[in-house]
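Notes on cores and on a sheet follow.

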Amino acid sequence: MTKHYFAEKNSPSDEVLHIHEIFVNSGDKVKSGEVLFSAEGAKALFDIEMPEEGVVTLYVEAGAVVPIGAKLFSISNTDTGLLDQVDIPVSSRAFDKSSQSETAHFSEPALELVHRYKLDLDLFKDLQFVTTEDVRAKLESKAKKVEQGRLFSEFKAVALVGGGMGAEVLLERLKISSQSDKVRGYFDVNEKKQLVDVKYLGEPFRDSIYQSFVNGKFDAMLITVTSNMRFRREMLNLAAEFDIPLATFIDENSFVCKSALIGAGSIILDSARVGYKAQLGKNVFLSGFVNIDHHCEVGENSTFGPGVFFSGNVKIGIDNVFGSNIAVEPGIVIGNNCKVASGSVITRNVPSATVVKTKSTSLFR
Amino acid sequence: MSPEVTEDVWFDKASQIRAFEKLMVDEYGKGTVRGTFHTSFGQELTSVILAEFLAEDDFIFGNHRSHAMYLALSGEFEGLAAEVLGREGASSSGIGGSQHLHFKNFYSNGIQGSMCSLAVGAAKRCKNISIALVGDGTLGEGAVYESLNLASVLKSNTLFILEDNSIAQSTISEFQRGGKISTRFEAFGIPYSVVESNNLQELSKAISKAIDFVRDINGPFALHIKSYRLGAHSKGDDNRSLETIEYLMNQEPLTKRLQSDSRLRSAHDKHLIRFSELISEIKNRPIVYEICENYAESLIYGDEEFLSVAFPEKKKMKDLIYDGLKTTLLSSEQVLIIGEDIEYISQGTAKPYGGAFGVTRDLSTLFQGQVINSPISEGGITGLAIGRALSGRPTIVEIMFGDFTTLTIDAVIQQASKIVSMYGKQIPLPMLLRTPSGGRRGYGPTHSQNFENFFLGAPNIIVYSQNIFSSKNHYLELLKTNLPVMLFENKDLYSCEHFSAPMEHFNVEFAKNNNVILTSKHRQTKISIITYGFAANLVLGAAEILVKEFEIFANVMIPQVVSPLNLDFAFEVLKSSDFVYLVEEGIGATGLSGLLIQEINRLNLTLDLKLISGKGIIGASNASESAALISIEKIVKTIAARR
């Protein structure tokens, strides 16, 4: 028998838990009462202990920020150890779960998405049963409304979230346009040596970011993490929740049509192009030489490596990741949460949550 | 009539049989007929005299060498000749052949031993008796001793007639037999007498005495008749010396009389001419083209709805079965339930019992004499039930564990399955064997298996697998089909409440004969699962997880009768499916998959099939048991992995 355990509120105001440290590994046999995680809620640091003896399977990594209700770990009874290695988590709750709860008609992956994107459960009350497909459809309709933010130049003090190469590149571009002095500092899990001129603001915890903002340390933030999609999403949600403005950075050497709409928090680097009546959602990251052609619609939080070429009228959902040197044919529709490998040539529509890897087409057969 | 006149009649009848068999054996020599023919040469008079003492309603169970008995009872020379020659007018439509004959209450079968238990079952506690004809060679069969024990315990008025011709096929039976014959019967408390068949008056007296003893409801009796086999075992396979045969011929009354009595000899010659003409005439008749019917198949594929649709009852399955058995017992006083340890208060004990799983509970008290304990003798009581059903009385056998059905296979496959159709017409057999199967209780290798698969495809047998949606009325309805039924219950199902399965993601529909179709409620799907019995609970549990955790939707189909399998009810769903999983608790390789493929072919479907089934021997420890059985986890894992 396998029992599953989920992130629970330690105090009433908790909405996410930060998992700071993990003291066991998946597959360990752990005794009842041993500490599994050190976690932090809105108010306090606390330990999550093993509720009963068994073999533990972890679903989170150290440093993760997980919403309340997300699966943390499962315990399988050691008696059935011979049965199978627990690689597909299966709960035994199917039989005893109360159907009265308001989330009973959600599939678990759907519920996880709802938590992650902080959607209102009421949005789905008319549906008999909610799957990830339904949640993504709602997200897509939400993503279409582009919230145009203010440009970087309109703010006085901006905090970067993420001190990696993204931040480095951005700072370089800001120096060129003499705006780098507006950067008040950066949040990251640890201090970065390469960012010599910029102040380290600490770890990117909800509370610390919020407190710095409320105390006037900065008046806008800019998410410079490009690879960790989950973290980008967390930060985007955080900004929305606490009304922290997101600064939009459009490089002076980029080409953005006047008719284009650029969502708040987006970064458009040099030599990128956004065509006629094209729309970018919030927090979209365009590397150099990306071309988003006319009438394209790009959902929020998507990231683009260098040399991604969208032909006209391409519509993509949210949270998509594009590698480099990718071509997308006109009129293509791509769902949410897709990952597209470098060098792909997309000639067909792509459903949500797909990993796309195509061979490049050849003129000669 | 004076003894002499009576003897003349016997000799005339016996000489007819001899003339007939002689000519028939000649036909084998000519190569006009095929198969085997066990002649009664030397034993005709015993049959003729025995027939004299029989009443209309007496039951007689013969063996491979029963022409004489059949002919003495029926006079059906023409029918038997046509049967053996495979021509029109054949008594068993050309299906039974020489060894499988039936006339009124006479049945013969070529398998040794288990006919004895049928005889015990057919015996009623009244003036009508039941006779088992056994040869000396058959004394090696265990079924004989189970029958003797049952007859003795139940005080059944069965007469065991041992026709001892002292040779078993080619072996002198004395050398293959330990101990004495008399003590074999005496050990079971069955009165025994022995008689030489060369003295007809003595023989007649002995038969009369034995039959009177049984007819007066004094319990079983064993009559040992020392007789002569003058012919070969079959057609020409005699390995005895000519001197031996000559010696026997000099002893045998009919041979002696034919030599000394010219009147009988001329009558015998006339019979030879008459039968020779009859055989020539039959040989010119059209060949019979009857093929052995499978009446269970006809029923399953027919229009008749023989199982009613279940209604949910707020009851545990165990109590539901109790109610079903009660309804069946109430339907007729003729209904009997027999099994090991099923009586509530049994003789000589103080506390109530009522079945190893307590299913029959107090039924033995409520229905005195209709619910009875049996010795540990699964093969015996199954044969008994078949014999009892043959006599028109519906009988239910409880086999304590499904695993023990291996001990009943001879009775079920060689008797029940074949009797229904091998005599060329349908013989009603209202007999039901119910047994709990399944593991998850730690009972280990011989008490945990699912045994449906060993009976799948057996002709005329209905294999019914109880599931959470089964109705209590099915017990009575199955008996009313007049076909032998193997009804598999499940230990784990006993404690489940009726209809208590996770069904919120399904539209539930009941098709004909209580076949259940659960179609995915929220999304259309190309995945279908076929399952039966307790596995349905596991599948529905798995389906719930597949929906909730993996967003995989599936249709589930649960046939009520698994053999013969008719998937017409599932056709529409299967037609719109691409992937079909068969989930069964038994060992997959010998399981329902064969029948399923046959059905999918019949319905002209193209499907991607995958089997999820148990494997290997079911161990007792939690780990080894889980490894051999299917589980919700395994079902989820297999289906989710394929996505």
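**Helix α23 of chain B**

I looked up the buried residues of helix α23 of chain B, which spans residues 632–642, and found Ile632(B), Glu633(B), Lys634(B), Ile635(B), Val636(B) and Ile639(B). I note that the model is a predicted one. I then asked what covers the buried residues of α23(B). The cover includes α19, β21 (579–587) and β22 (608–614) of chain B.

**Nonpolar cores**

I next turned to the largest nonpolar core, which has 188 residues. Within this core, Ala119(B) and Val539(B) touch the most other members. I recorded that helix α19 of chain B, residues 535–550, gives the most to this core, namely ten residues. I listed another core lying apart from it, with 62 residues, including Phe152(A), Leu238(A), Ala239(A) and Ala272(A).

I looked up the contacts of Ala119(B), leaving out residues up to four places away in sequence. Ala119(B) touches Phe59(B) and Phe61(B), Ser130(B), Ile131(B) and Ala132(B), as well as Thr158(B) and Gly387(B).

**A sheet in chain A**

I traced an open sheet of four strands in chain A, with the order β5-β4-β2-β7 and antiparallel pairing.

I then examined β4 of chain A, residues 35–40, which runs antiparallel to β5(A) and is joined to it by five bridges. For Val35(A), I found Glu49(A) as the bridge partner in β5(A).

Definitions and conventions. Residues are numbered from 1 along each chain as its sequence is written. Chains are lettered from A and ligands numbered from 1 in the order in which they are written. This is a predicted model: local features need pLDDT of at least 70, side-chain atom pairs count only at pLDDT 80 or more; totals for chains, interfaces and linings use all residues. A nonpolar core is a set of buried Ala, Val, Leu, Ile, Met, Phe, Trp, Tyr and Cys residues joined through C-beta atoms within 7 Å. A residue is buried if 20 or more other C-beta atoms lie within 10 Å of its own, exposed if 12 or fewer, and partly exposed in between; C-beta atoms are placed from the backbone. Helices (H or I, at least four residues) and strands (E, at least two) are DSSP runs, numbered from the N terminus. Two residues are in contact if their C-beta atoms, placed from the backbone, lie within 7 Å. Two strands pair if DSSP finds at least two bridges between them.
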